[in-house]
Amino acid sequence: MKLLEIRHMKKSFGALQVLKGISLWVDEGEVVSVIGPSGSGKSTMLRCATNLEKMDRGIVRYEGRYLVKDLDRRCVYAKKGELKEIQKYFGLVFQNFNLFPHFTVMKNVIDPLITVENMPREEAIERGEKLLAQLGLSDKANAYPFQLSGGQQQRVSIARALALQPKVLFFDEPTSALDPELTGEVLKVIKELAKEKMTMVIVTHEMQFARELSDRIVFMEDGAILEEGTPEELFASKNERVQNFIGKF
C-alpha cells in the first residue's frame with residue numbers, strides 16, 4: 001500500500017487554475033523531490049496534501065485512509081475525528097521557519113506534543129531533548145528564535161515536525177531563505193533523515209541535492225507534472241523544457 005497517494009488534484013484561485021490534475025504516489029522510506037519553475041504549483045500541491053488549502057477536485061490518501069475524496073464532482077473531507085488521526089501521518093517544514101517568536105526553542109518543539117497529543121510535560125521534554133541533541137541544538141534549548149541563525153531556526157522547525165513522529169515529512173523550499181553556508185547545514189540534516197529511511201517529499205531548487213538524495217524526482221510546470229523518474233532518468237531527459245531548467249543550475 002502506498003504511504004501517500006494523490007490522484008487528479010485540482011486547485012484554482014479565482015480564475016487562475018494552479019493545479020491541473022496532479023497524480024503522485026510515495027512509498028514508505030522513499031525520498032521524492034519536486035522541482036520546477038516558480039509558479040508551477042509545487043507549494044500549492046504540498047499545502048493541499050497537508051490540508052492547509054482545500055482542493056477543488058481529486059483525492060488524497062495516507063495508507064489508504066482518505067484525507068479527501070472526490071464524490072459527485074466535489075471534494076469531501078474526512079470528518080473531524082478521522083481528520084485528526086490522518087493529520088498525524090505528516091509533518092510540514094516551511095521555508096520561513098514559522099516558529100513562535102515568544103517561545104523558547106524547547107517550547108517550540110514540545111508545544112504541539114502537549115497541546116495536540118496531550119502528552120505529559122516530562123515525557124514531551126524528554127522527546128524534545130533527544131531531538132535537539134540529534135539536530136545539534138542541545139545548547140539552544142532555552143534560546144529564543146531571534147537569538148538563532150537561519151540554519152538553526154530551520155533545524156528547530158525540523159525538530160518540531162519530527163516531534164509528532166509523522167510517517168512522512170514535507171519540505172517546502174527548506175533552504176530558500178538561507179545563505180549558502182547555512183543551506184549546507186540544513187541539507188546535511190535532511191540527508192541524515194534520508195539515511196534513517198524517513199519518508200520525505202521535498203520541494204527544492206537545490207538540483208545537486210535532489211540528484212544525490214532522491215529516489216525519484218518530479219518536474220512540475222504550469223500546474224502539471226511534465227516528467228518524473230529516477231535522478232538518472234530525469235537528468236538525462238530528452239525533454240527540452242526539463243533540460244533547459246536543469247541546465248540553468
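Guide: Start with the labels H and E. Helices are runs of at least four residues and strands are runs of at least two, both assigned by DSSP and numbered from the N terminus. Keep in mind that this is a predicted model.

Visitor: Where is Ser40 found?

Guide: Ser40 sits in the loop between strand E3 (31-35) and helix H1 (42-49).

Visitor: Why is Ser40 called buried?

Guide: Buried means under 20% relative accessible area. Ser40 has a relative accessible area of 1%. That value is under the cut-off, so Ser40 is buried.

Visitor: What makes the link between Ser40 and Lys42 a polar contact?

Guide: The N or O atoms of such a pair must lie within 3.5 Å. The side chains of Ser40 and Lys42 are 3.4 Å apart, so the pair passes on distance. The side chain of Ser40 also reaches the backbone oxygen of Pro37, at 2.8 Å.

Visitor: Which residues is Ser40 in contact with, leaving aside its neighbours within four places in sequence?

Guide: They are Val18, Met220, Glu221, Asp222, Gly223 and Ala224.

Visitor: Why does Asp72 count as exposed?

Guide: Exposed means over 50%. Asp72 has 74% relative accessibility, so Asp72 counts as exposed. Asp72 lies in the loop between strand E5 (65-71) and strand E6 (74-77). Its phi is positive, about 50 degrees, although Asp72 is not a glycine.

Visitor: How do you know that Asn118 is exposed?

Guide: Use the cut-off again: over 50%. Asn118 has 60% relative accessibility, so Asn118 is exposed. Asn118 is in the loop between helix H3 (105-115) and helix H4 (121-134). Asn118 is not a glycine, yet its phi is positive, about 55 degrees.

Visitor: Why is Glu117 called partly exposed?

Guide: Glu117 has 30% relative accessibility, so Glu117 counts as partly exposed. Glu117 is found in the loop between H3 and H4. Leaving aside neighbours within four places in sequence, Glu117 is in contact with Lys88, Pro112 and Leu164. Glu117 and Leu164 are 47 residues apart along the chain, and their C-alpha atoms are separated by 8.2 Å.

Visitor: What makes H3 largely enclosed by the rest of the structure?

Guide: Count its buried residues. Eight of the 11 residues of H3 are buried, so H3 is largely enclosed. Those residues are Val105, Met106, Asn108, Val109, Ile110, Asp111, Pro112 and Leu113. Their cover includes H4 and H5.

Visitor: How do you know that Ile110 is buried?

Guide: Its relative accessibility is 2%, under the 20% cut-off, so Ile110 counts as buried. Ile110 belongs to helix H3. Beyond its neighbours within four places in sequence, Ile110 is in contact with Arg121, Ala124, Ile125 and Gly128.

Visitor: How do you know that the span of H5 is close to the one expected?

Guide: The expected span is 1.5 Å times one less than the number of residues. H5 has 14 residues, and 20 Å is expected. H5 reaches 20 Å from its first C-alpha to its last, close to that value.

Visitor: Why is H5 called largely enclosed?

Guide: 14 of the 14 residues of H5 are buried, so the rest of the structure largely encloses it. H5 is followed by Gln165, with a positive phi near 50 degrees.

Visitor: What is the volume of the largest pocket, and which residues are closest to its centre?

Guide: The largest pocket has a volume of about 710 Å³. It is lined by 28 residues, and Gln87, Phe90, Gly91, Leu92 and Leu164 are the closest to its centre. Strand E7 (90-93), H3 and helix H5 (150-163) each give two or more residues to this lining. By class, the lining has 14 nonpolar, eight polar and six charged residues.

Visitor: Which element gives the most to the lining of the second largest pocket?

Guide: H4 does, with four residues. H4 and H5 each supply at least two. The second largest pocket holds about 190 Å³ of space. Its lining includes Arg127, Lys130, Leu162 and Met198. By class, this lining has six nonpolar, two polar and three charged residues.

Technical notes
Residues are numbered from 1 along each chain as its sequence is written. This is a predicted model: local features need pLDDT of at least 70, side-chain atom pairs count only at pLDDT 80 or more; totals for chains, interfaces and linings use all residues. Side-chain values use heavy atoms; hydrogens and water are left out. Buried means under 20% relative accessible area, exposed over 50%, partly exposed in between (1.4 Å probe, protein chains only). A polar contact is a pair of N or O atoms within 3.5 Å; within protein, one must be able to donate a hydrogen and the other to accept it, and residues adjacent in sequence count only if both atoms are side-chain atoms. Contact means heavy atoms within 4.5 Å. On a 1 Å grid over the protein atoms alone, a cavity is a set of points where a 1.4 Å probe fits but cannot get out, and a pocket is an open set with protein on both sides within 12 Å along at least five of seven lines; lining residues have an atom within 4 Å of a point. Grid points are joined across faces, edges and corners, and a volume is the space filled by probe spheres set on the points. Ala, Val, Leu, Ile, Met, Phe, Trp, Tyr, Cys and Pro count as nonpolar, Asp, Glu, Lys and Arg as charged, and the others, Gly among them, as polar.
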